[in-house]
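Hi,

Here is the structure we talked about, for you to open alongside this email. My notes on what turned up in it follow below.

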Amino acid sequence: MAQEDVFKKLVSHCKEYGFVFPSSDIYDGLGAVYDYGQMGVELKNNIKKYWWDSMVLLHENIVGIDSAIFMHPTIWKASGHVDAFNDPLIDNKDSKKRYRADVLIEDQLAKYDDKINKEVAKAAKRFGESFDEAQFRSTNGRVLEHQAKRDALHTRFAKALNDGNLEELRQIIIDEEIVCPISGTKNWTEVRQFNLMFSTEMGSTSEGAMKIYLRPETAQGIFVNYLNVGIAQIGKAFRNEIVARQFIFRMREFEQMEMQFFVKPGTELDWFKKWKEIRLKWHKALGFGDASYRYHDHDKLAHYANAATDIEFLMPFGFKEVEGIHSRTNFDLSQHEKFSGKSIKYFDPELNESYTPYVIETSIGVDRMFLSIMSASYCEEQLENGESRVVLKLPAALAPVKLAVMPLVKKDGLPEKAREVIDSLKFHFHCQYDEKDSIGKRYRRQDAIGTPYCVTVDHQTLEDNCVTLRNRDTMQQERVAISELNNIIADRVSITSLLKTLQ
Ligand code: ATP
């Protein structure tokens with residue numbers, strides 16, 4: 001199935017099974033704003049707990065906070081967001097669609113990569129086992145030609161971004177003959193800068209009102225509260241994104257999980273490297289396979305950074321950023337010192353001197369993480385009996401419902417027995433009771449929401465207190481004692497077990 005079709009199916013699956021819906025749906029939705037349903041909120045809470053515990057429980061020197069969304073407007077002046085939190089936008093005059101100029105060029109770079117990869121794949125097939133990929137890449141005429149064009153474009157693009165040269169960005173789009181995917185034309189406007197912050201007013205009269213911003217990142221709430229430790233925070237952030245497509249990949253209201261780690265100047269690049277590794281390990285522990293991740297080091301560093309990388313995940317629409325790791329220098333703290341007039345230096349008792357710490361930041365979007373997990377988990381499987389099933393192979397620790405308990409029939413005391421099972425387990429993990437339709441249909445419903453285990457209570461259960469336990473992925477069934485259920489399942493579905501793999 002084409003990746004685009006998989007993505008469309010995933011979006012409708014999310015809506016049908018209560019994971020994610022467009023916000024204000026009965027009013028035809030609101031651009032790039034989404035609500036999480038009964039399953040989605042559980043998955044989201046589990047992602048947040050996995051992140052939070054991995055930071056706050058596993059690191060003695062990291063604490064959490066929850067700062068306000070509204071902050072003094074000078075904070076955003078000091079942080080550089082009022083002046084520099086911009087994206088370059090360009091419109092196609094025929095389709096009237098708006099694009100980010102940098103994204104159009106990045107897509108063009110990806111096209112060159114695709115061409116090269118296709119040549120390599122074709123040759124690998126042709127030459128079989130004797131194929132030497134490195135040699136092919138360095139000698140094949142067509143590959144070298146694509147690579148040279150790609151490298152030239154990349155150099156030109158990086159320079160234009162670093163120089164903030166909007167005319168050059170437009171010229172690149174013209175020279176590369178990039179067309180609008182909707183109208184197919186090259187009829188482009190100028191490139192303009194667009195500030196992504198939402199503003200509103202605080203105060204009761206228009207004269208007395210103060211313009212304030214909805215925070216575009218949670219990080220600043222940490223900088224103005226810092227201690228000489230790491231500080232973790234989860235919270236909503238708001239960006240007036242130019243292009244709001246690809247479902248919950250790019251939203252105007254989204255949630256971030258950020259950690260700022262304050263370090264001694266000069267040691268920041270070592271810490272940066274360490275945090276890159278810690279964070280990739282956190283992602284890989286979910287078991288989607290190492291090939292789904294890669295680092296992408298930034299060519300254009302944000303105004304505050306001296307090193308930056310993204311952890312990218314293979315989404316149905318290609319490798320995309322899910323997390324940013326930035327070495328933010330002492331930019332933010334120095335700016336807040338300057339704008340607030342207050343000293344926020346740290347006195348280092350070992351060195352007997354004060355300094356403004358440097359900061360390593362790890363910043364991950366809950367919603368993007370959610371999307372990556374959903375897209376990696378969504379499977380359509382052909383079964384031996386000729387039927388097919390849709391199954392969400394979610395990591396068990398993140399699954400919204402851990403166990404479904406089903407009486408085989410709705411009579412003979414089986415529902416009561418099933419309720420008894422739930423009553424003994426509901427304090428340990430999320431259980432669901434289901435008695436409607438055939439057992440087969442009930443299994444399909446649980447597969448569709450990713451429930452790792454189902455238990456069936458039958459007539460035999462009333463005699464021997466044993467139930468049938470069915471595994472979502474293998475579909476294997478085993479007979480187990482009710483008194484053993486907690487022991488068997490709790491460990492496999494707990495976030496604690498996942499966290500232990502990080503040690
Ligand atoms: P992009 O290049 O995709 O716009 P960014 O580099 O601006 O993202 P950061 O400022 O580094 O993103 O934010 C950190 C994380 O917050 C990102 O890795 C992403 O997971 C998440 N994030 C940023 N913008 C959005 C958004 N509009 N919708 C959902 N998540 C977002």
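This is a predicted model: local features need pLDDT of at least 70, side-chain atom pairs count only at pLDDT 80 or more; totals for chains, interfaces and linings use all residues.

Residues are numbered from 1 along each chain as its sequence is written, and side-chain values use heavy atoms, with hydrogens and water left out.

**The pocket**

A pocket here is an open set of points on a 1 Å grid over the protein atoms alone, with protein on both sides within 12 Å along at least five of seven lines, and a lining residue has an atom within 4 Å of a point. The second largest pocket has a volume of about 250 Å³, a volume being the space filled by probe spheres (1.4 Å probe) set on the points, which are joined across faces, edges and corners. Its lining splits into 8 nonpolar, 5 polar and 4 charged residues.

Which element gives the largest share of the lining of the second largest pocket? That is α2, with 4 residues. The elements giving two or more residues to this lining are α2 (38–56), α16 (482–493) and α17 (495–500). Helices (H or I, at least four residues) and strands (E, at least two) are DSSP runs, numbered from the N terminus.

**The sheet**

Then there is an open sheet of 5 strands, in the order β20-β19-β21-β22-β23, with mixed pairing. Two strands pair if DSSP finds at least two bridges between them. β20 (431–433) and β23 (477–481) are at the edges with a single partner strand each, so one side of each has no neighbour in the sheet.

β22 (residues 466–471) is worth a look. Strand β21 (residues 453–457) is joined to β22 by 4 bridges, and the two run antiparallel. β22 also pairs with β23 in the antiparallel sense, over 5 bridges. You can see both pairings at Leu469 in β22: Val455 stands opposite it, and its bridge partner in β23 is Glu478. Arg470 stands opposite Gln477 in β23.

β22 and β23 form a hairpin with 5 residues between them, and Met475 in the turn has a positive phi of about 60°. Of the 6 residues of β22, 5 are buried, so the strand is largely enclosed by the rest of the structure. Buried means under 20% relative accessible area, exposed over 50%, and partly exposed in between (1.4 Å probe, protein chains only).

**A few single residues**

Asn465 has a positive phi of about 55° although it is not a glycine. Asn465 sits in the loop between α15 (459–464) and β22, and at 37% relative accessibility it counts as partly exposed.

Thr329 is another non-glycine with a positive phi, of about 50°. Thr329 lies in the loop between β13 (318–327) and α11 (331–340), and is buried at a relative accessible area of 15%.

Last, Thr309 in strand β12 (residues 307–315) is buried, with a relative accessible area of 0%. The Thr309 side chain makes a polar contact with the side chain of Asp297 (2.6 Å). A polar contact is a pair of N or O atoms within 3.5 Å; within protein, one must be able to donate a hydrogen and the other to accept it, and residues adjacent in sequence count only if both atoms are side-chain atoms.

Cheers

Note on methods. Ala, Val, Leu, Ile, Met, Phe, Trp, Tyr, Cys and Pro count as nonpolar, Asp, Glu, Lys and Arg as charged, and the others, Gly among them, as polar.
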